[in-house]
Amino acid sequence: MEEKMLTLDRFEEASEIVKKVTLETKLIYSDYLSAQTGNRVFLKPENMQFTGAYKVRGAYYKMSTLTEEERAKGLITASAGNHAQGVAYAAKCYGAKATIVMPTTTPLIKVNRTKGYGAEVVLYGDVYDEACAKAYELAEEHGYTFIHPFDDLAVATGQGTIAMEIIKELPLVDYILVPIGGGGLATGVSTLAKLLNPKIKVIGVEPAGANCMQESLKNGKVTTLPGVNTIADGTAVKTPGGKLFPYIQENLDDIITVEDKDLVVAFLDMVENHKMVVENSGLLTVAALRQLNVTGKRVVSILSGGNMDVITMSSVVQQGLIFRDRIFTVSVLLPDKPGELQRVAGVIAGVNGNVIKLEHNQFVSINRNAAVELRITLEAFGTEHKAQIMEALEKEGYMPKQVRTNI
């Protein structure tokens, strides 16, 4: 059955079928990102999708292609995140039993959400690959039907329905940016986009620390990375899909890689300018906009999901503020005598700096009259404002030194 997937007829069928379980995620024009990049930038907000990510599309379409008998056996998959919730929800819609194997490191919120859709969760292994091996083992043992998170042509066809929606809404789109983990979404989107209009450029975006597809394309064959290291956990894949690879080779125009620090800043951009929470993997296509060497084009960034736990979110916000020079820490040495603290505070207030935290260390020097250290954590409007604050302190003879910020 699978070899007939990824045709126009199949994509059309999938587009109708997934409408039963998807919300309409209309394109959002981004004034902010358009001004930054010189292109007309639109966002495809799959972070607002039911279950918080696009994965429900592929899972539900795959489920529709199974026989009653295959569904009745029960379904199994492995996933650390969005695919788990997609399969659990799709199984619930079809009244089928689902078992999801998740790594033991999966955040509790994702485990509970998956259970909330009625699936049984088995926690196993430290990483996705170990969980996946366990899922195959259980499928063999119990006769379950295995649904692969990405390396499955029916799943990829379901994911490609996103391109159908983009092109219907923005027929003159020039570029579509798509995140790549194992390659299911990129396969579906690039294949359908090229079938509908070969002039559309489809660019894959990977974390720099998990660029398995880039390496595979370079080597002309599916290549496994020795390890992955990225905060974009949804795209932290060591080996791309073997069934998908020929489609990627044929239909993807290029790959851009993104550093983790750029994802952190992109998170702030989305929260502050669009009031949207987007997970790190979904931010890949926002961070990649700055690397596109074109202007005046219609560009769509697919925001693949928004499932980020609150602890991760708070650390990403803090890091983003530090990267943007909105928060920084300076160390100044003061004579240990009354009134000095007030004097420093006055200098900072004079240039509109906002003090968040003070640490006073009287034991920095043997001669306390000579110096005590004051560490001041400040809030600023950005790099220029920070430079003004540093300059004002220097002018008053404080010789401020910037030190690492720990909030």
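Predicted model: local features only at pLDDT ≥ 70, side-chain atom pairs only at ≥ 80, totals over all residues.
**The whole chain**

Start with everything shown. The C-alpha atoms fill a box of roughly 85 × 50 × 40 Å along the principal axes. Color by secondary structure: the chain has 17 helices and 14 strands. Of its 407 residues, 55% count as buried. Now consider contacts with a separation of 6 or more: residues 24 or more positions apart account for 72% of them.

**Stop 1: a nonpolar patch**

Select Leu 8, Leu 195 and Leu 196, which make a nonpolar surface patch of about 230 Å². Leu 8 lies in helix 1, residues 8–18. Its relative accessibility is 39%, so Leu 8 counts as partly exposed.

**Stop 2: helix 7**

Select residues 128–142, which form helix 7. Check its length first. At 1.5 Å a residue, its 15 residues should span 21 Å, and the end C-alpha atoms are 21 Å apart, which agrees.

Which residues of helix 7 are buried? Pick out Tyr 128, Ala 131, Cys 132, Lys 134, Ala 135, Leu 138 and Ala 139. These residues cover an arc of only 160° around the axis, so they sit on the same side of helix 7. Residues three or four places apart in an α-helix point the same way, because there are 3.6 residues a turn.

Step past the end of the helix to Gly 143, whose phi is positive, near 75°.

**Stop 3**

Side chains of opposite charge can pair when their charged atoms come close. A search of the whole structure finds 22 salt bridges.

Select Lys 44 and Glu 165, whose closest N and O atoms are 2.8 Å apart in a salt bridge. This pair links distant parts of the chain: Lys 44 is in strand 2 (residues 40–45) and Glu 165 is in helix 9 (residues 161–169), 121 residues apart. Buried or exposed? Lys 44 counts as buried, at 1% relative accessibility. Glu 165 counts as partly exposed, at 23%.

**Stop 4: a pair within helix 11**

Go to helix 11, residues 212–219. Glu 215 and Lys 218 lie three residues apart there, about one turn of the helix. Their side chains meet in a salt bridge, 3.2 Å from N to O. Glu 215 is partly exposed at 22% relative accessibility, while Lys 218 is exposed at 60%.

**Stop 5**

Select residues 260–274 for helix 13. Its buried residues include Leu 263, Phe 267, Met 270 and His 274. Asp 269 is buried too, at 2% relative accessibility.

What does Asp 269 meet in a salt bridge? The partner is Arg 324, at 2.9 Å from N to O. The two are 55 residues apart, with Arg 324 in the loop between helix 15 (310–323) and strand 11 (327–334). Arg 324 counts as partly exposed, at 25% relative accessibility.

End just after helix 13, at Lys 275, which takes a positive phi of about 55°.

Definitions and conventions
Residues numbered from 1 in each chain as written. Heavy atoms only, no water. Patch = residues over 30% accessible without salt bridge, like charges linked within 9 Å, V, L, I, M, F, W, Y side chains within 5 Å. Areas by Shrake-Rupley, 256 points an atom, 1.4 Å probe, with all protein chains shown as cover. Salt bridge = Lys/Arg side-chain N within 4 Å of Asp/Glu carboxyl O. Helix = DSSP H or I, 4+ residues; strand = E, 2+ residues; numbered from the N terminus. Buried < 20%, exposed > 50% of the residue type's maximum accessible area, 1.4 Å probe, protein only. Expected span 1.5 Å × (residues − 1). Arc of directions from axis to C-beta. Contact = heavy atoms within 4.5 Å.
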